[in-house]
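This report concerns a predicted model. Please view the sequence and structure before reading on.

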Amino acid sequence: MSTATLEPRVHAPRNYLNADYGWKSWLFTLDHKRIALLYLVSITFFFIIGGSFAVLMRIQLVDPQGAIVQPETYNKLFTLHGVVMIFFFLIPSIPAVLGNFLVPLMVGARDLAFPKLNLLSWYIYIVGGLFTLYSAIAGGVDTGWTFYTPYSSTYSNTQVTAVAIGVFITGFSSILTGLNFIVTIHKMRAPGLTWFRMPLFLWATYATSIIMVLGTPVLAITIFLLALEHLFHVGIFSPALGGDPLLFQHLFWFYSHPAVYIMILPAMGVVSEIIACFARKRIFGYKIVAFSSVAIAVLGFLVWGHHMFVTGQSVYAGIIFSLLSFLVAIPSAIKVFNWTATLYKGSISFDAPMLYAMGFIGLFTMGGLTGLFLASLATDVHLNGTYFVVAHFHYIMVGGAVMGYLGGIHFWWPKISGRKYPNGWAALAAAIIFIGFNLTFFPQFVLGYLGMPRRYAFYPAEFQVLNVMSSAGATVLGVGYLIPLIYLFWSMRYGPIAEPNPWGATGLEWKTPSPPPTENFTEIPVVTEEAYAYAEEEAGHE
Amino acid sequence: MSHTIVPQKTYLYIFFSLIGLTLLTTGVAFIDLGPFNTVAALVIAFTKMMLVIMFFMNVRNSSGLIRIIIVAAFFWFALLIAFTMSDYRTRTWTPAPESWSSAPPTHP
C-alpha cells in the first residue's frame with residue numbers, strides 16, 4: 001500500500017467543524033462534538049463572569065477597611081462568584097465539555113445515546129444561566145452560594161428566587177447529561193471494549209454521572225421548597241413557621257457535597273489519561289483506580305453532615321459523619337498513590353498537559369489532606385467558617401478540578417481543533433497558574449488558622465499582609481488563565497496542523513482524524529487490547 | 001431486545017386511577033384521622049408512585065438493569081432519610097422562644 005493512497009484519507013477535508021456552516025448548524029446541531037464546543041464557549045463565558053467577581057473581592061480585601069464596595073455589595077459579590085463558578089462553570093466543565101466530546105469517541109460510537117437530549121441539556125443550561133445573570137443585573141443575591149435558611153427564605157430581600165430558579169433549571173441539564181453518559185457507556189461500547197478495557201476517564205465519567213442522576217433531583221426539590229417558603233411562607237425551613245433550618249442544610253449538602261465529586265472525579269479521569277500517556281505506562285493498579293472512582297461516588301453521598309458539625313446537629317450524627325468523611329479519603333489516596341507509582345520507572349516527558357497533571361496531584365493532595373482537618377470534630381470547631389475552609393475547597397476545586405480541566409483541554413486540544421498550540425507558552429502558563437494559585441490560597445490557610453472568618457468585607461489590620469499576598473497571587477493567577485485563552489484562540493487559525501495522534505497515545509479517540517469526522521469513525525472500531533497498552537506499543541516499535 | 005406492546009387502554013386505566021387517587025387524597029384531607037392523617041396521605045402517594053413507575057415508566061416489562069437503577073434510586077433516598085433521622089432522633093432540642101410562635105416576620 002502506498003502512502004499516496006493513505007494521505008487523503010487521514011487528512012480528510014470533511015470533519016465536524018467544516019461539515020456545515022452558519023449559526024443554525026451550530027444552534028441546532030445534534031453532533032456531540034459541536035455541543036461540547038457550545039458548552040466550551042458558554043462555560044468560558046461564565047468563568048470570566050465568575051472570575052470578575054473574584055477580582056473585585058480580592059481588590060476589596062487589599063485594604064482592611066474594604067477598598068471599593070460596601071459590605072452589602074461584597075455579600076453579593078461572593079454569592080454570585082460561588083453560584084456562577086460552581087453551578088455554571090465547575091459542574092459542567094469537564095463532563096459537559098470533555099465528556100460530551102470524548103465519551104462517544106472513547107467508546108467507539110458515532111454519538112451519545114440521546115443526541116436530542118444532549119442539545120436540550122445545553123439549552124436548559126443556558127436558560128438557567130440567563131436567569132442567574134438576570135438576578136445579578138436586577139440587584140444580585142446576598143445569601144452565599146449555600147442559600148442557608150432562614151436568612152434566604154425569610155429575611156433576604158435580594159433576588160433569591162431568581163437565582164434559585166436559575167440553579168433549579170440548570171440542575172436538569174446536569175441530570176440529562178449524566179443520563180446520556182450512563183446509557184452510552186452501558187449500551188454503545190465498541191466490540192471488544194469490555195468494562196475493564198475502558199479508559200479510566202470513562203470510569204470517572206460514569207461515576208460522576210451516577211452522582212448527577214441520583215443527587216441533583218434532591219437539590220431541585222430543596223430549591224423548590226426554599227422558593228415555596230420564600231414566596232408563600234409555607235413552613236418548611238423557618239423555625240418561626242414551624243420548620244427546621246437544619247433540614248435545609250441536610251437536603252442541600254446531600255447534593256452539594258457529592259457535587260464536589262462531580263467536579264473532581266472527571267478531573268481525576270483526565271489525570272489518569274495524561275499520566276499514562278506521558279509516562280508511557282499502563283496506570284498502576286488499573287482496576288483499583290477504576291473502582292476507587294465508584295467508591296468515591298458512593299461514599300461521597302454519606303459524608304454531608306461534616307458541613308454541619310457546629311450547627312446544632314446531633315453530636316452522635318457528627319461522629320458518624322466524621323468517620324465516614326475519613327473513609328472517603330481512602331479511595332482518593334489510592335488514586336494519588338497509584339498515579340505516583342505509575343510514574344515510577346516511566347518514560348516521562350513534561351509536555352504542557354503533564355505539567356497540569358502534576359500540578360493537579362500536588363494541589364489536590366494538599367486540598368484533600370486539609371479536608372481531614374475539617375472532617376475532625378474537634379479541629380472543625382476552630383476552623384469552621386474561617387478562610388481555612390475557603391483555602392481547602394479552592395485547593396480541591398481550582399487547584400484540582402480547574403487544573404484537571406486545563407490539562408484535559410491541552411491534552412485533547414489537537415483532537416478538538418485539529419491544531420497544535422505553542423508548547424512553550426502552554427508550559428509557561430501552567431507554571432504561572434501553579435505559582436499564582438499557591439500565592440493566592442496558601443496565605444488563606446494561615447488566615448483561617450489565625451481566625452479570620454470568611455465572608456466579611458473588612459478585617460483586623462494584622463491580617464493585611466497575608467491578604468495582600470493573596471490578592472497579588474490572584475493577579476498572577478488571572479494572568480495565568482488569560483495566556484491559554486489567547487494562544488488556544490490563536491492556534492485555531494495559526495497553529496500547526498495536528499496529526500491524528502500527536503502524543504502517541506492509546507485510546508480510540510486517537511485512531512480517528514483530528515478533528516474527527518461528524519460520524520467519528522468511518523468503520524466501527526474493534527478493541528483487541530487493554531487500556532493504556534503502551535508497553536505493547538513500545539515493544540511493537542522495537 | 002424485544003419490546004412488550006402495552007395496550008392503550010392500560011394507560012387510560014392508570015391515568016384515571018391516578019386522577020381518582022388524587023381526588024381521594026383531597027377527600028381524605030377533609031377527614032380527621034388523627035395520627036393516621038399522614039399515613040393515609042403517604043399510602044395513597046406511594047400507590048400513585050408505583051403506578052407511574054410500573055406502567056408509565058414501563059418498569060414492569062423492563063430488564064434487570066433498569067430495575068437495579070430504580071432500586072438504587074430508592075436506596076439513595078433511604079440513605080438521605082436514614083442519615084437525616086440519625087440527627088433528628090439524637091439531637092439535643094431546645095424549646096423555641098415564645099415570641100417565635102407569633103406571626104412570621106415580614107421582609108425588611
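## Basis of the model

The model is predicted; local features require pLDDT of at least 70 and side-chain atom pairs pLDDT 80 or more, while totals for chains, interfaces and linings use all residues. Residues are numbered from 1 along each chain as its sequence is written, and chains are lettered from A and ligands numbered from 1 in the order in which they are written.

Chain A contributes 20 residues and chain B 16 residues to the contact, where two residues are in contact if their C-beta atoms, placed from the backbone, lie within 7 Å. On the side of chain B that touches chain A there are 10 nonpolar, four polar and two charged residues. Here Ala, Val, Leu, Ile, Met, Phe, Trp, Tyr, Cys and Pro count as nonpolar, Asp, Glu, Lys and Arg as charged, and the others, Gly among them, as polar.

Chain B comprises domain 1 (1–57) and domain 2 (62–89), with bounds from an automatic or database domain assignment. The centres of these domains, taken over C-alpha atoms, are 20 Å apart.

## Helix packing in chain A

Helices are DSSP runs (H or I, at least four residues) numbered from the N terminus. Axes are lines fitted to C-alpha atoms over the stretch in contact, and angles run from 0 to 180 degrees between N-to-C directions. Helix α4 (residues 71–107) of chain A packs on helix α5 (residues 115–137) of chain A at about 165 degrees, with the axes 11 Å apart. The pair α4(A) and α5(A) is therefore roughly antiparallel (over 145 degrees). The contact of α4(A) with α5(A) holds seven nonpolar, four polar and no charged residues.

Helix α9 (residues 245–279) of chain A and helix α12 (residues 352–375) of chain A form an angle of about 125 degrees, their axes 9 Å apart.

## Backbone features

Most residues other than glycine have a negative phi, and most peptide bonds are trans. The bond from Thr149(A) to Pro150(A) is cis, with omega near 0 degrees, and a cis bond also joins Ser514(A) and Pro515(A), with omega about -10 degrees.

His233(A) has a positive phi near 55 degrees and lies in the loop between α8 (200–232) and α9 of chain A. With 17 C-beta neighbours inside 10 Å, His233(A) is partly exposed (between 12 or fewer, exposed, and 20 or more, buried).

Technical notes:
Helix = DSSP H or I, 4+ residues; strand = E, 2+ residues; numbered from the N terminus. Parallel < 35°, antiparallel > 145°, perpendicular 65-115°, else oblique.
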